[in-house]
Amino acid sequence: MRHARAALVRDLLPVFSIDIVEEANGAVRQLDLAQIFGDEVKEIWLEVGFGSGENLVACAKHNPQVGIIGCDPFFEGVGKLISRIDTTKLENIRIYPGDARDLLRALPPSCLSKLFALFPDPWPKKRHHKRRLFQRSFLGSIADSLQDDGEVIFSTDHAEYARWVLGLFLESPYFAWEVRSADDWLQHPKDVASTRYELKALRAGRRSLFLRFRRKGSVLSSGGESCLG
Ligand SMILES: C[S@@+](CC[C@H](N)C(=O)[O-])C[C@H]1O[C@@H](n2cnc3c(N)ncnc32)[C@H](O)[C@@H]1O
């Protein structure tokens, strides 16, 4: 990381980062999102694996009433996002520079209205499939964190990973696939910004696929109680 960016990260990451606290009994303390984002924010979105932050920053710019959490353990990417936050002066972004599974454990139930997972690592070799982020247990965690009717937007340029993820969502009792025609998974959605990995796939002649799922209503849900106080 270049010197100037490293200094920016040192100064600004503590301001924008979310800390997860483990209690003495080993339980994870639930995040207070109202305190983290303040009164202006009416909804919370999460982007898992934001890479260089293109979509995160575009969403934050176009949706000032939304608090957006970006989660990625890749430090170079965190540096790029911090630089973008510094340039744009956006105040509705927070960063968790770690594993999405740890963050999900600390989120209050039913707090998210949207979750992006754009081009997560496909781990193409069969012996590495267990490293894929999308697993049955991960779907359970995101189902817990999403509000009824909350959305998941997933993209990939790897057809077999798309089938894997689609299979997980179709077998889940918590989600419905939002699809009317092939355009829905072949066309780049209007509410998603192009990312580095999408452009990389395009240059290599690989087609990107976009899948959108909706959290079904749950009899156990909090009935719309807000996690923003
Ligand atoms: C292939 S890159 C895609 C980056 C970006 N979304 C894009 O489309 O350009 C996958 C990203 O997921 C991040 N990642 C991998 N495992 C993760 C995890 N457990 N939680 C959060 N992010 C993760 C990586 O650090 C990397 O930045």
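Two strands are taken as paired if DSSP finds at least two bridges between them, and helices (H or I, at least four residues) and strands (E, at least two) are DSSP runs numbered from the N terminus. The structure is a predicted model, in which local features need pLDDT of at least 70 and side-chain atom pairs count only at pLDDT 80 or more, whereas totals for chains, interfaces and linings use all residues. Residues are numbered from 1 along each chain as its sequence is written.

The secondary structure of the chain comes to 9 helices and 7 strands. The 7 strands form an open sheet of mixed pairing, in the order 3-2-1-4-5-7-6. Strand 3 (93–96) and strand 6 (175–177) stand at the edges with a single partner strand each, so one side of each is left without a neighbour in the sheet. Strand 2 (residues 66–71) runs parallel to strand 3 and is joined to it by 4 bridges; Arg-94 in strand 3 is the bridge partner of Ile-69.

Helix 1 (residues 3–16) packs against helix 4 (residues 75–88) at an angle of about 75 degrees, with the axes 9 Å apart. The two helices, helix 1 and helix 4, are therefore roughly perpendicular to each other, a term that covers angles of 65 to 115 degrees. Residues are in contact if their C-beta atoms, placed from the backbone, lie within 7 Å; those making this contact include Leu-8 and Leu-12 of helix 1 and Val-78 and Ile-82 of helix 4.

Among the 20 residues around the ligand, those that come nearest are Gly-49, Gly-51, Phe-74, Thr-195 and Tyr-197, a residue being near if its C-beta atom, placed from the backbone, lies within 6 Å. Helix 9 (residues 196–203) contributes the largest share of this shell, 3 residues.

For the chain of 229 residues, a compact globule would have a radius of gyration near 17 Å, and the value of 17 Å agrees with this; the radius is taken over C-alpha atoms, and the globule rule is 2.2 Å times the number of residues to the power 0.38. Along the principal axes, the C-alpha atoms fill a box of roughly 45 × 45 × 35 Å.

Conventions:
Axes are lines fitted to C-alpha atoms, for helices over the stretch in contact, and angles run from 0 to 180 degrees between N-to-C directions. Angles under 35 degrees count as roughly parallel, over 145 as roughly antiparallel, 65 to 115 as roughly perpendicular and the rest as oblique. Two residues are in contact if their C-beta atoms, placed from the backbone, lie within 7 Å.
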